[in-house]
Amino acid sequence: MTSTPPAPRLRATTRPLEHAPDLISLADPNAPMIWTRGDRGCVGVGEVLRLSFSGPHRFTDAAAAWRRIAETAIVDDSVRMPGSGLIALGTFAFADESSAESVLIVPRLLVARHRGQAWITEIAAVDADPAPLAVPDPPASRAWEGVRFGDRALATGGDSVASYLAGVREAGARIERGEFEKIVIARQLEGALPGASDLRVPLTRLAEHYLDCWTFAVDGLIGASPETLIRSTSGAVSARVLAGTRGRHSEDAARDARARDELLTSAKEQHEHAFAVQSVVTALSPHVRDLRTSEEPFPLQLPNVWHLATDLGAALGEQSSSIELVGALHPTAAVAGTPTATAVAAIAELEPFDRGRYSGAVGWIDADGDGEWVIALRCAQLGAPDAQTGARPVVASAGGGIVAGSDPDHELGETVSKFRPITEAFAR
Ligand SMILES: C=C(O[C@H]1C=CC=C(C(=O)O)[C@@H]1O)C(=O)O
């Protein structure tokens, strides 16, 4: 279960920078710590504190541990922007039983920008010597040979695509029998990243192509997610719910427009989307006031897919930190199903792997508990380097919502579109 060392007392000092540096270029090529979207975001350099959590109480444990650290910290912040002062980046596993660690990491230096403004934060134990408040030089470029992905070998030795299709068919049969209404079934790809690869290459590609997504790298989890689980800033809360997908046809404008219109008018996709919105509204309602949603689902255009999207806004009704809100919302019907508990139990039965952090949460939290968290989608997890070759395993995951009438082959095609951000970013 969760194990946390006694929390050191931290000091965080934030000062403005005259120029906004290129964030990704400053990241550690081997272990990048990045959170960025368009002209906003931050890069962490070095690590002062790492807290690990696991099991069913990982969110409440993390919220409590962070509250203790924030309460005793000395924060000297002359910038006062979202993401200035004391910050931790984090990633949380999908399943209560997952063997993947959930972590909060406090970087030693954090360089951040928000539109035209930029700043630097130095964080250390109160009794440690302060580091200079200067932007470090970008690390030298390294090689990039890329990753060739293939279907992930099953522990049982079977065919992973056949196993995915069987899982989708079985899910459909259970929906017909009335066991649940919606379930999200995923599959995995795997590859090997050569030793000494520069992970700033795939991160730059993700950030440049997926402008409506948060590009992230936290503890080896790398991706670009379009789905905001929760953003909380000074009492205002927002979220973006996605469910319902069509692959893009960027080479053929008429076909692409048909795919979008089909998505908007499909009763099945609207039904699948409604489950996801309802799960967020139900989970968020006890924590907020004045909850409002966009009138109708709108088409969100990404380079690889169209999604049905609904934006939510509300006022925070009580003193919940952003991690507590993540814990209340997770897992939404966009990654689990409806009803939640039945769907989660069936996922454990029908998917022949531990999802790890895929479809969990990734984001950041500040000393006031404010933060931004997305659902960890369109992502891959890097493993430990091989002792001899230095190569690291990379596992990518993608899934889709199954409702009454879902077609297994269509669902398989949808996962191919959802893998594209990762397979293309990690290509040679
Ligand atoms: C589960 C995934 O996507 C979710 C988010 C948006 C649309 C989805 C869908 O249409 O099925 C999924 O609910 C994934 O990308 O692996």
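Ala341 is found in helix H7 (residues 340-350), where helices are DSSP runs of H or I with at least four residues and strands are E runs of at least two, numbered from the N terminus. Ala341 is exposed, with a relative accessible area of 63%; exposed means over 50%, buried under 20%, and partly exposed in between, with a 1.4 Å probe and protein chains only. Please keep in mind that this is a predicted model, in which local features need pLDDT of at least 70 and side-chain atom pairs count only at pLDDT 80 or more, while totals for chains, interfaces and linings use all residues. Residues are numbered from 1 along each chain as its sequence is written, and side-chain values use heavy atoms, with hydrogens and water left out.

- Ala341 and Pro331 are ten residues apart along the chain, and their C-alpha atoms are separated by 9.4 Å.
- Another cis peptide bond runs from Thr338 to Pro339, with omega near -5°; Pro339 belongs to the loop between S17 and H7.
- As background, most peptide bonds are trans, and most residues other than glycine have a negative phi.

**Two positive phi angles**

- Arg115 is not a glycine, yet has a positive phi of about 50°; its place is in the loop between S6 and strand S7 (117-125).
- Asp290, also not a glycine, has a positive phi of about 55°.
- Asp290 lies in strand S14 (residues 288-293) and is exposed, with a relative accessible area of 55%.

**The ligand site**

- There are 18 residues around the ligand, and Thr245, Ala334, Tyr358, Arg378 and Gly401 come nearest; a residue counts as near if one of its heavy atoms lies within 4 Å.
- The backbone of Gly399 places an N or O atom 2.8 Å from a ligand oxygen, a polar contact being a pair of N or O atoms within 3.5 Å (within protein, one must be able to donate a hydrogen and the other to accept it, and residues adjacent in sequence count only if both atoms are side-chain atoms).
- Gly401 has a polar backbone atom 2.8 Å from an oxygen atom of the ligand.
- The side chain of Lys418 has an N or O atom 3.1 Å from an oxygen atom of the ligand.
- Taken alone, the ligand exposes 390 Å², and the protein buries 100% of that; these areas come from the Shrake-Rupley method with a 1.4 Å probe, and for residues only the protein chains shown count as cover.

**The annotated domain**

- UniProt, in an unreviewed entry, lists residues 162-418 as "domain: Chorismate-utilising enzyme C-terminal"; the positions follow the numbering used here, feature names are shortened, and annotations may be inferred rather than shown by experiment.
- Residues 162-418 are 33% helix and 35% strand, and the end C-alpha atoms of this span lie 18 Å apart.

**Helix H1**

- Helix H1 (residues 58-72) has 15 residues and should span 21 Å at 1.5 Å a residue, which agrees with its end C-alpha atoms being 22 Å apart; the expected span is 1.5 Å times one less than the number of residues.
- The buried residues in H1 are Arg58, Phe59, Ala62, Ala63, Ala65, Trp66, Ile69 and Ala70.
- An α-helix has 3.6 residues a turn, so residues three or four places apart point the same way.
- The buried residues of H1 pack against several elements, including strand S1 (10-17), strand S3 (40-53) and helix H6 (322-329).

- Asp77, in strand S4 (residues 74-77), counts as buried at 12% relative accessibility.
- The Asp77 side chain reaches the backbone nitrogen of Val79 at 2.8 Å and the backbone nitrogen of Arg80 at 3.0 Å.
- Leaving aside neighbours within four places in sequence, Asp77 is in contact with Thr14, Ser84 and Gly85, contact meaning heavy atoms within 4.5 Å.
- Ser197, in the loop between strand S9 (182-193) and helix H3 (200-209), counts as buried at 4% relative accessibility.
- The side chain of Ser197 reaches the backbone oxygen of Pro194 at 2.6 Å.
- Asp354, in the loop between H7 and S18, counts as partly exposed at 32% relative accessibility.
- A polar atom of the Asp354 side chain lies 2.8 Å from the backbone nitrogen of Ser99, and the backbone nitrogen of Gly356 lies 2.8 Å from a polar atom of that side chain.
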